[in-house]
Amino acid sequence: MNNKVQSAGDKKPMTNKEKLHSAIILKNPYNNDTWDEYYISKGYKKFEGGEPLWLQVLVLTFFLVLCAGGGAVCGIITAKEFGDDSPWYTNLTKPSWNPPSSLFGPVWSVLYILMAIAAYFVWRSTGFCRQPLPLIVFFTQLAFNFAWTFIFGLAHELLGAFIEIVLLWLLIVLTMILFYRVKWWIPILLLPYLAWVTFASCLNYALYDLNPDNGEGYSQRD
C-alpha cells in the first residue's frame with residue numbers, strides 16, 4: 001500500500017480561506033481589508049463602495065437627523081432652562097471661565113454634524129448588521145448625550161448630571177476606539193466632541209461645587 005500515515009508532528013498547510021478566517025477571529029475582527037477578502041472569497045460582493053447612491057444619501061440623512069435633529073429637539077424642550085431666559089440657570093453661581101450661553105448652540109450644532117458624518121463613514125465600512133458593535137456603542141453614547149440635557153436642564157440635578165457626563169465621556173472614548181478599528185482616521189472627527197465634553201464635565205462639576213443646593217435657592221436671591 002502506498003498510503004502513508006502522517007506523523008503527529010506534520011502539519012497540513014492552511015488554505016487561504018483558513019488563514020483569512022484565523023486573521024478575523026484571532027487578530028482583528030474590525031480589519032476591513034481582511035473582512036472584505038474573506039467575504040469576497042465566499043462569493044459576496046464587497047460592501048464598502050458598493051451601496052447605491054440613494055442608500056448612501058438616505059443613511060447620511062438618517063444620521064444627520066438623528067444627531068443634529070435629536071439635539072435640536074432636546075434644546076427646544078429645555079430652552080427655558082438654559083441661558084439668559086432661565087431664572088434657575090441665570091442665578092447659578094458660575095466659575096469665571098463659564099462660557100457665554102450663546103456659544104453652546106453653535107458648538108453643539110457643529111459637534112452633532114461631525115458625529116453624524118463619523119457614524120456614516122463607519123456604516124459604509126460595517127453596515128448596520130455585519131459589524132454592529134461600533135454603531136451600537138455610538139447610539140448608546142448619543143442616548144447618554146441627550147439624557148444629560150434633561151438631567152441638568154429639567155431635573156436641575158447637578159451632581160447627577162456630572163456622574164452621567166463622566167459615563168458619557170467614557171462611552172465617547174470607547175466609541176472612538178471602536179471607530180479607529182474600523183478606519184484609523186474616523187475618530188479624528190470626534191476629537192472636538194471629546195474635547196468639548198471634557199470641558200463640559202469640568203464645568204458641570206464646578207457648577208455643582210459652587211451650587212451644592214442645585215441652585216434651588218434662586219427664588220430667595222435678589
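Predicted model: local features only at pLDDT ≥ 70, side-chain atom pairs only at ≥ 80, totals over all residues.
Me: How are two packed helices described?

Reply: Two packed helices are described by the angle between their axes and the distance between the axes. Here, helix H5 (residues 104-126) and helix H8 (residues 191-210) have axes that come within 10 Å and cross at roughly 140°.

Me: Are H5 and H8 oblique or roughly antiparallel to each other?

Reply: Angles over 145 degrees count as roughly antiparallel. The crossing is at roughly 140°, and H5 and H8 are therefore oblique to each other. The crossing in which H5 passes H8 is left-handed.

Me: Which residues make the contact?

Reply: From H5 come Phe104, Val107, Trp108, Leu111, Leu114 and Met115, and from H8 come Pro192, Tyr193, Trp196, Val197 and Leu203. Sorted by class, the contact of H5 with H8 has 11 nonpolar residues, with no polar and no charged ones.

Me: What span should H5 have, and what does the model show?

Reply: H5 has 23 residues, and at 1.5 Å a residue they should span 33 Å. The end C-alpha atoms of H5 are 32 Å apart, which agrees. After H5 comes glycine 127, with a positive phi near 70°.

Me: Is glutamine 141 buried or exposed?

Reply: Buried means under 20% relative accessible area. Glutamine 141 has 1%, so this residue is buried. Glutamine 141 lies in helix H6 (residues 133-154).

Me: What does glutamine 141 touch, not counting residues up to four places away in sequence?

Reply: Glutamine 141 touches Met115, Leu168, Leu171, Ile172, Thr175 and Tyr193. Among them, Met115 of H5 and Tyr193 of H8 also take part in the contact between those helices.

Notes
Residues numbered from 1 in each chain as written. Heavy atoms only, no water. Helix = DSSP H or I, 4+ residues; strand = E, 2+ residues; numbered from the N terminus. Buried < 20%, exposed > 50% of the residue type's maximum accessible area, 1.4 Å probe, protein only. Contact = heavy atoms within 4.5 Å. Axes fitted to C-alpha atoms, helices over the stretch in contact; angles between N-to-C directions. Parallel < 35°, antiparallel > 145°, perpendicular 65-115°, else oblique. Left-handed = near helix turned anticlockwise from the far one by under 90°. Nonpolar A, V, L, I, M, F, W, Y, C, P; charged D, E, K, R; others polar. Expected span 1.5 Å × (residues − 1).
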